[in-house]
Amino acid sequence: MRALVIIDVQNDFCPGGALAVQDGDTIIPVINQLSEKFDHIIFTQDWHPAGHSSFASVHPGKTAYDVVQMSYGNQVLWPDHCVQGTYGAVFHNELITVKAQMVIRKGFRKELDSYSAFYENDHIRRTGLSGYLRDNDIDTLYLTGLATDFCVKWSALDGIREGFSIYVVEDAVKAIDLNGSLAAAWKEMDEAGVTFIRASDV
Ligand code: VGL
Ligand code: ZN
């Protein structure tokens with residue numbers, strides 16, 4: 001069986017938000033239309049405590065988009081975003097969420113970031129998604145949302161490693177694109193065995 005995964009379509013990643021993805025909101029009608037074709041829909045929600053370790057504001061002398069070394073590897077520093085309980089962390093109000101079966105909140109541990117829907121950035125702690133999918137006989141995922149080069153890419157690569165068939169819906173994702181990260185993301189996903197598809201072909 002297949003499922004639609006809608007990644008981080010939250011106010012802070014949309015125009016006007018703290019970590020706005022250019023044209024991030026333009027994918028919402030595409031995602032809403034896709035939702036009608038799926039019986040299983042899973043959402044992820046970036047959900048950081050105030051003072052999260054991925055925020056540049058908690059690293060003296062650093063600014064947003066600097067990269068620092070964490071115990072689990074490189075970490076890009078971000079503007080404060082998707083703080084638990086704030087407007088920025090809420091799903092965009094045009095996004096249809098009524099069919100959500102599972103909402104995975106991620107990045108809620110202060111010392112650890114979490115891009116992927118499957119694993120936190122240490123690649124050790126699991127979100128529980130793989131177990132949910134196996135319990136429901138879901139083997140194929142269609143990924144949509146924000147941002148192509150971070151949370152979508154990490155979810156796609158982990159999904160492949162976990163043995164799922166992964167499709168990325170090209171016209172239902174948008175990128176942050178830091179220093180060529182978008183081109184690198186398409187290449188990495190392609191090499192890992194991710195399939196790219198248009199929403200009209202799903
Ligand atoms: C994301 C940066 C920080 C994403 C989340 O959803 O791609 N990017 N937190
Ligand atoms: Zn985040």
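Let me begin at the ligand. An oxygen atom of ligand 1 sits 3.2 Å from a polar backbone atom of Leu146. What we have here is a predicted model, so please take every value as computed from it.

Staying with ligand 1, there are two further distances to give. One of its oxygen atoms is 3.1 Å from a polar backbone atom of Ala147. An oxygen atom of ligand 1 is also 3.1 Å from a backbone N or O atom of Cys151. How much of the accessible area of ligand 1 does the protein cover? On its own, ligand 1 has 260 Å² of accessible area, and the protein covers 100% of that. The residues around ligand 1 include Asp8, Phe13, Asp46, Trp78, His81 and Tyr115. Leu146, Ala147, Phe150 and Cys151 are also among them.

Phe150 and Cys151 take us to the next item, helix α3, where both are buried. Helix α3 has 14 residues. From its first C-alpha to its last it reaches 18 Å, close to the 20 Å expected at 1.5 Å a residue. Of those 14 residues, 11 are buried, so α3 is largely enclosed by the rest of the structure. What does the buried part of α3 pack against? Its buried residues pack against the strands β1, β4, β5, β6 and β7, and against helix α4. Just after α3 comes Gly163, with a positive phi of about 95°.

One residue of α3 deserves a separate word, and that is Lys153. Is Lys153 buried or exposed? Lys153 is buried, with a relative accessible area of 11%. Its side chain is joined to that of Glu188 by a polar contact of 3.0 Å. Leaving aside neighbours within four places in sequence, Lys153 is in contact with Ala147, Thr148, Ala185, Glu188 and Met189. Ala147 is also one of the residues around ligand 1, while Ala185 and Met189 are buried residues of α4.

That brings me to α4 itself, which covers residues 181–192. It has 12 residues and reaches 16 Å between its first and last C-alpha, close to the 16 Å expected at 1.5 Å a residue. Its buried residues are Ser181, Ala185 and Met189. The face turned away from the buried side carries the exposed residues Ala183, Lys187 and Glu191. After α4 comes Gly193, whose phi is positive, near 105°.

Last, two residues in loops. Asn11 lies in the loop between β1 and α1. Asn11 is buried, with a relative accessible area of 8%. Not counting residues up to four places away in sequence, Asn11 touches Gly17, Tyr87, Gly88, Val90, Phe91, His92 and Asn93.

Ala56 is buried, with a relative accessible area of 8%. Which residues does Ala56 touch, not counting those up to four places away in sequence? They are Lys62, Thr63, Ala64, Leu77 and Trp78. Trp78 has come up already, as one of the residues around ligand 1. Ala56 and Gly24 are 32 residues apart in sequence, and their C-alpha atoms are 22 Å apart in space.

Note on methods
Residues are numbered from 1 along each chain as its sequence is written. Chains are lettered from A and ligands numbered from 1 in the order in which they are written. This is a predicted model: local features need pLDDT of at least 70, side-chain atom pairs count only at pLDDT 80 or more; totals for chains, interfaces and linings use all residues. Side-chain values use heavy atoms; hydrogens and water are left out. Helices (H or I, at least four residues) and strands (E, at least two) are DSSP runs, numbered from the N terminus. The expected span of a helix is 1.5 Å times one less than its number of residues. Buried means under 20% relative accessible area, exposed over 50%, partly exposed in between (1.4 Å probe, protein chains only). A residue is near a molecule or strand if one of its heavy atoms lies within 4 Å of it. A polar contact is a pair of N or O atoms within 3.5 Å; within protein, one must be able to donate a hydrogen and the other to accept it, and residues adjacent in sequence count only if both atoms are side-chain atoms. Accessible areas come from the Shrake-Rupley method with a 1.4 Å probe; for residues, only the protein chains shown count as cover. Contact means heavy atoms within 4.5 Å.
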